[in-house]
Amino acid sequence: MEVDFKKARRFLRVEYPGYVNDINKVLETLGGTRAIAETFRSDQKRPELRFRPGDTDCGVAYGSRHQTADLLLRVRRKKTNIDPELDRRHLEVEMMGIVDTVFTFDTPSDFQFIPPGLRVDPETGKPRHNLSRTEITGLELLEKDEEPYLPPPMFASTDKPYKYGFNLGIQFNKANSDKIARGEGGRPKRPSYAILIDFNGKTPTECKPNPATVALDDLEKCKKLFEERPIWSRNAVCHELHLPVTRTKNVLCRTAYYFSSGPWSRLWVRLGYDPRKDPDSRKYQGIDYRVKKHRDAIPAATNANFPRIKLQQQSAGEGERERADDDIPSYVFDTRKLLRQRQLRYQICDIHVEEVDQLIKKSKFASECTEKDGWFISGVISEIRRLLRSCLERMIRSKSGAVTEAIDEDESDSEEEEEEE
């Protein structure tokens, strides 16, 4: 028997986990011929089998796709009334096509939640529960004579068994159970040396007992830093002391406390100093600024090394100005340098913008310090964000113009070289 594999029809074999009496019902449990065709064409989808189609509480049994190399044959036997042994010899074999894909359901199925009183809706032909989820409005569920049905909260997240390495872990006797109930047992807590308070917390005057060990030189530098300014951010302290983050945290825990909320949230305040009682501390308040408008339009605006254009043709003055821009700390908002990140938190005193300075000088002090605006009256913080946004737009336009001008100069230079050749 000759086989032309290029012209042969392709078939899909489904190994159905059940006895097939009605092929139409089988196709319905598999989602229909359209769902089977979509699963067959896609390499990512898995065949789905629902034993009760239309029931939302029926767990789905997922199948697996396998590659095979089989032939689908149709075998016919010619019957003769002469000799039964002769009938077995007269067989006609016809190749129908090639079976190169098979769907199998060889994984364990999830639990099937069958509600009591399950009946078929005569209009839709689908199963309907005796109690719908939308019908539960009060305690009338307990007054009904029929058995209540609680739908399954969730199904299994995996359908393949795997080996789980059970670890004996802690010996859960009664003594350990009592310790865990009191919060004493289990995993040991990490030591925390920082003092955290909310906006309404009491001002601490001393650090925690047994603080982390630090170098005396680093401690003296940090104390001197907080004498110059009572409130700092961690990034600013890291930059000023030239220390890594880990050493900076340990030094800050000995000299300052941390606000978790309010206008000085995520900032470190000198021990014993209460900014909620000092109106002059408004210049040390924090403000969050996020770049939203130019995130996709000019992604280079968030690059710390932007821009470096035609460095070989810069004059001495331009080179010194660029080096001066690199010396600007990252915690400072300056009009000479674009932002390093798209989301930053600045202190008011670290915003070097003339419009913002004028706004702060003109704005009046609030009668009392509030958790939202601090010592500023309502609307000042929003106006500062608007000024920062307009300032950033001007910086981006100027940088974009410099890039365009540099590109035009490169193109004109290349054209002149071609004319000379």
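Helices (H or I, at least four residues) and strands (E, at least two) are DSSP runs, numbered from the N terminus. The model is predicted: local features need pLDDT of at least 70, side-chain atom pairs count only at pLDDT 80 or more, and totals for chains, interfaces and linings use all residues. Residues are numbered from 1 along each chain as its sequence is written, and side-chain values use heavy atoms, with hydrogens and water left out.

**View A. Nonpolar surface patch.** Strands S4 (64-77) and S5 (91-104) each supply at least two residues of the patch, and S4 gives the most, with 3. Its members are Phe5, Leu71, Leu73, Val75, Leu91 and Val93, with about 550 Å² of accessible area together (Shrake-Rupley method, 1.4 Å probe; for residues, only the protein chains shown count as cover). Patch residues have over 30% relative accessible area and no salt bridge; nonpolar side chains (Val, Leu, Ile, Met, Phe, Trp, Tyr) are joined within 5 Å, like charges within 9 Å.

**View B. Salt bridge between arginine 10 and aspartate 100.** The N to O distance is 2.9 Å (a salt bridge is a side-chain nitrogen of Lys or Arg within 4 Å of a carboxyl oxygen of Asp or Glu). Arginine 10 is in strand S1 and aspartate 100 in strand S5, 90 residues apart. Arginine 10 is exposed at 55% relative accessibility, whereas aspartate 100 is buried at 18% (buried, under 20% relative accessible area; exposed, over 50%; partly exposed, in between; 1.4 Å probe, protein chains only).

**View C. Salt bridge between aspartate 350 and arginine 229.** The closest N and O atoms are 3.2 Å apart. Aspartate 350 is buried, with a relative accessible area of 5%, and arginine 229 is buried at 11%.
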